[in-house]
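Please open the structure in a viewer and keep the selection tool at hand.

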Amino acid sequence: MTDPVVLDVIGVRVEVPAEGHRSVEDLYAAAARLAVERSPRLLFHAGAVERDGAAVLFPGESGTGKSTTVAACVRRGLGYLTDEMVALDLDTGAVRGWPRPIMLTPWALEAVGLPAVAGDASGKVAVTCAELGGTVVEAALPVAHVVALRRGAAATALTPMSAGDALTLLLQSSFNHYRHGAAAWVAVTALAERVQGWWLDAADVDSAAAAVAGLPYSRS
Amino acid sequence: MTAATPFSRADGVRELHVDGAITLFHEPTQTALVLNETASDVWRLLDGRRTIADIVDELARRYAADAATIRSGVHAALRQLAEHHVIDGAPHG
């Protein structure tokens with residue numbers, strides 16, 4: 001019997017059986033499920049990068065391009081928080097990321113300038129932040145921007161998002177709000193009021209990352 | 001429940017505003033929602049005395065819009081609010 005894999009998921013220690021997973025992504029998904037049930041913080045399904053000491057969040061379902069966009073941003077020198085999950089401290093409003101390896105498809109590897117290699121059973125390859133030439137940011141950060149990714153645009157464009165839409169996006173992306181009740185709602189509402197939300201219509205990965213890197217420093 | 005029945009806000013509903021948008025939290029079910037523009041208008045007019053007809057008249061006057069269009073939007077908004085248990089009663093039609 002192989003020892004379980006022990007992971008720290010944003011301050012929550014979880015043990016996951018080392019065997020029985022179809023892919024590396026499945027193993028991390030199992031760890032995430034355990035963390036969701038135990039975390040004292042509010043967890044969001046979101047990628048995140050650091051720019052100028054603040055976090056840029058990409059909330060969204062799987063398949064919306066979070067990992068690829070995060071990887072491209074890291075290639076551009078932005079700090080790596082996570083490609084999967086962030087935790088919001090309900091008291092401070094700061095977020096921390098889960099800096100697991102970034103899960104990229106062979107297509108995404110090529111899109112960020114790495115050699116395309118075959119993925120595992122999930123079709124993805126686990127790429128470390130170091131392989132992308134980036135830096136992991138483990139510190140808690142204030143959130144400056146919330147970005148909703150929309151792929152397949154004819155041209156890359158950033159459009160301001162209303163605070164109401166940012167709030168809806170954040171509420172929909174929360175993994176464990178039900179465990180925190182009204183406190184979570186109040187904290188997410190405050191977050192939506194503080195940040196600037198954006199719709200990012202992306203024509204390609206590189207221009208999307210360039211748009212993120214060029215976001216204004218703070219909400220006007 | 002008819003068009004002449006007044007609607008009222010349910011008990012146990014908390015309200016916050018974010019840049020003009022209204023967000024509600026229903027304590028008994030621990031659910032949150034963010035209202036769109038029409039639902040926000042309707043929510044503001046729910047005072048326990050106004051009926052659907054009153055709300056439609058008020059919004060049609062405010063927006064100088066066709067009453068049938070407004071009525072459809074009001075009914076949709078009331079259905080959304082009822083589904084989240086933040087109003088007492090469910091609209092017909």
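The model is predicted. Begin by selecting chain A and chain B together: 13 residues of chain A are in contact with 14 residues of chain B. The two chains bury about 1100 Å² between them, with 72% of that area on carbon and sulfur atoms.

Next, select A:Ala182, A:Trp185 and A:Glu193. These residues of chain A lose the most area to chain B, and together they account for 44% of what that side buries. Between the chains the count of salt bridges is 0, and 1 residue pair is in polar contact.

Now display helix H4 (163-173) and helix H5 (181-194) of chain A; each supplies at least two residues of the side that touches chain B. Of the elements on this side, H5(A) gives the most, with 7 residues. By class, the side of chain A that touches chain B has 7 nonpolar, 4 polar and 2 charged residues.

Finally, turn to chain B and select helix H1 (residues 37-45) and helix H3 (residues 67-83). How do their axes cross? They come within 9 Å and cross at roughly 80°, which makes H1(B) roughly perpendicular to H3(B). On H1(B), display B:Thr38, B:Ala39, B:Val42 and B:Trp43; these meet residues of H3(B) including B:Gly73, B:Val74, B:Ala77 and B:Leu81. The residues of this contact divide into 7 nonpolar, 3 polar and no charged.

Technical notes: Residues are numbered from 1 along each chain as its sequence is written. Chains are lettered from A and ligands numbered from 1 in the order in which they are written. This is a predicted model: local features need pLDDT of at least 70, side-chain atom pairs count only at pLDDT 80 or more; totals for chains, interfaces and linings use all residues. Side-chain values use heavy atoms; hydrogens and water are left out. Axes are lines fitted to C-alpha atoms, for helices over the stretch in contact, and angles run from 0 to 180 degrees between N-to-C directions. Helices (H or I, at least four residues) and strands (E, at least two) are DSSP runs, numbered from the N terminus. Angles under 35 degrees count as roughly parallel, over 145 as roughly antiparallel, 65 to 115 as roughly perpendicular and the rest as oblique. Contact means heavy atoms within 4.5 Å. Ala, Val, Leu, Ile, Met, Phe, Trp, Tyr, Cys and Pro count as nonpolar, Asp, Glu, Lys and Arg as charged, and the others, Gly among them, as polar. Buried area is the accessible area (1.4 Å probe) that two parts lose on being put together, summed over both. A salt bridge is a side-chain nitrogen of Lys or Arg within 4 Å of a carboxyl oxygen of Asp or Glu. A polar contact is a pair of N or O atoms within 3.5 Å; within protein, one must be able to donate a hydrogen and the other to accept it, and residues adjacent in sequence count only if both atoms are side-chain atoms.
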